Amino acid sequence: MRTRTLRDLTVPALGLGCMGMSEFYGTGDQQEAERTIHRALDLGVTFLDTADMYGPFTNERLVGQAIVGRRDEVVLATKFGNERGQDGSYLGVNGDPAYVRRACDASLQRLGVDVIDLYYQHRVDTTVPVEDTWGALRELVEAGKIRAAGISEANPETIRRAHAVQPVTAVQTEYSLWTRDPEENGVLAICAELGIGFVAYSPIGRGFLSGEIRSVDDLAPDDFRRRNPRFQGDAFRQNLELVDRVREIADGKGVTASQLALAWVMAQSDQRGNPPLVPIPGTKRVRYLEENAAAVDIELTDEDLRRLDEAAPVGAAQGDRYPDMSTVHR
């Protein structure tokens with residue numbers, strides 16, 4: 001497995017998002033999820049991404065249980081800031097320093113580890129100066145509870161302010177052939193300027209770029225994508241056209257559309273002016289994990305990249321990324 005360096009943290013070129021193993025993407029299967037994590041480690045996909053809000057709380061326990069005996073192989077990332085109650089209720093975004101410290105201790109306990117490799121601020125709390133939140137993260141680094149700190153869905157100015165307090169190792173934001181916002185809003189540019197790595201979540205467009213979702217009826221009744229604007233009405237139909245263009249290129253290369261989408265994200269790491277980029281596709285099944293991991297070996301030519309830019313240009317996707325966009329790109 002090739003590697004990338006996110007500032008001061010070396011990770012595989014492809015990670016694994018674990019969120020869907022516990023929530024949001026229909027019913028999970030704990031045994032299959034653990035098999036998927038074990039297989040990921042076997043394949044060198046050792047960059048595991050979770051968060052306290054997933055489940056809530058159950059995803060961290062799942063990941064912690066799955067890596068028992070193999071902790072030294074893993075680069076472990078988790079997050080705080082999207083606060084939820086034990087009953088699953090959403091309590092809001094919280095960046096209070098005292099909360100940051102409590103959340104970290106709770107995550108360490110659930111994960112069953114002594115240190116978190118990469119600890120993200122999941123969303124920006126606009127009621128708390130980011131300098132205060134990142135002062136708490138700096139204390140956690142100094143205490144040896146976390147090795148590095150990151151931030152998710154933040155705008156360039158917020159990233160710069162956080163970085164002035166404690167070096168930002170990675171910015172995690174949605175990025176894919178149908179979500180190219182970081183190219184437009186300056187997030188990739190600020191990461192490159194400050195020497196920060198970039199982690200792309202939902203690099204297969206929440207599974208849409210696989211081409212396997214042809215109707216909302218293909219989704220489980222409790223799948224959160226049913227509420228996503230991009231999966232509804234005219235937006236869904238127009239986005240299918242984008243997917244079909246990508247799949248045609250994939251067919252010509254003898255790879256799946258998902259693999260091509262991942263290869264495109266990884267190829268952006270080699271484009272002039274970009275920071276190191278690492279996609280973390282989520283899956284809860286071994287067969288999709290193996291398919292995704294194989295994308296690391298796909299080489300895209302300049303002509304391939306040109307055709308993909310034409311098939312899925314900036315701004316081509318229809319619909320907002322979330323039903324409520326108020327907490328992203330602050």
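This is a predicted model: local features need pLDDT of at least 70, side-chain atom pairs count only at pLDDT 80 or more; totals for chains, interfaces and linings use all residues.
How do the residues of the lining of the second largest pocket divide into nonpolar, polar and charged? They divide into five nonpolar, three polar and five charged, where Ala, Val, Leu, Ile, Met, Phe, Trp, Tyr, Cys and Pro count as nonpolar, Asp, Glu, Lys and Arg as charged, and the others, Gly among them, as polar.

Residues are numbered from 1 along each chain as its sequence is written, and side-chain values use heavy atoms, with hydrogens and water left out.

The second largest pocket has a volume of about 200 Å³, a volume being the space filled by probe spheres set on grid points that are joined across faces, edges and corners. A pocket, on a 1 Å grid over the protein atoms alone, is an open set of points where a 1.4 Å probe fits, with protein on both sides within 12 Å along at least five of seven lines, and its lining residues have an atom within 4 Å of a point. This pocket is lined by 13 residues, of which Phe57, Arg84, Gln86, Ala106 and Arg110 lie nearest its centre. Strand E6 (82-84) and helix H3 (97-111) are the elements that give two or more residues to the lining, and H3 supplies the largest share, four residues. Helices (H or I, at least four residues) and strands (E, at least two) are DSSP runs, numbered from the N terminus.

Phe57, named above as one of the residues nearest the pocket centre, lies in the loop between E4 and H2. Its phi is near 75°, a positive value in a residue other than glycine, and Phe57 is buried, with a relative accessible area of 10%; buried means under 20% relative accessible area, exposed over 50%, and partly exposed in between (1.4 Å probe, protein chains only). Pro56 is placed in that loop too, between strand E4 (47-49) and helix H2 (58-66), and a cis peptide bond with omega of about -5° joins Gly55 and Pro56. A positive phi, near 55°, is also found at Glu153, in the loop between strand E9 (146-152) and H5, and Glu153 is buried, with a relative accessible area of 0%.

The largest nonpolar core has 88 residues, of which Leu16, Ile37, Leu48, Tyr119, Trp134, Leu137 and Leu300 touch the most other members; a nonpolar core is a set of buried Ala, Val, Leu, Ile, Met, Phe, Trp, Tyr and Cys residues joined through side-chain atoms within 4.5 Å. Helix H9 (residues 257-268) gives the largest share of this core, nine residues. A second, separate core of 16 residues includes Leu9, Val75, Tyr201 and Ile280. Leaving aside neighbours within four places in sequence, Trp134 is in contact (heavy atoms within 4.5 Å) with residues including Gln121, Ala149, Ile151, Val165 and Pro167.

In helix H7 (residues 187-194), Val187, Leu188, Ile190, Cys191 and Leu194 are buried. Seen down the axis of H7, these buried residues fall within an arc of 165°, so they line one face of the helix, the arc being that of the directions from the helix axis to the C-beta atoms. They pack against helix H5 (156-165), strand E10 (168-174), helix H6 (181-184), strand E11 (197-201) and strand E12 (277-279). H7 is followed by Gly195, whose phi is positive, near 75°. Helix H10 (residues 286-293) is mostly covered, with six of its eight residues buried, and what covers the buried residues of H10 includes strand E3 (16-17), helix H1 (30-42) and H9.

Some single residues complete the picture. Asn239 lies in helix H8 (residues 233-253) and, at 0% relative accessibility, counts as buried; although Asn239 and Gly319 are 80 residues apart in sequence, they are 9.0 Å apart in space, C-alpha to C-alpha. Arg272, by contrast, is exposed, with a relative accessible area of 88%, in the loop between H9 and E12. Thr126, in the loop between strand E8 (116-121) and helix H4 (130-142), counts as exposed at 56% relative accessibility.
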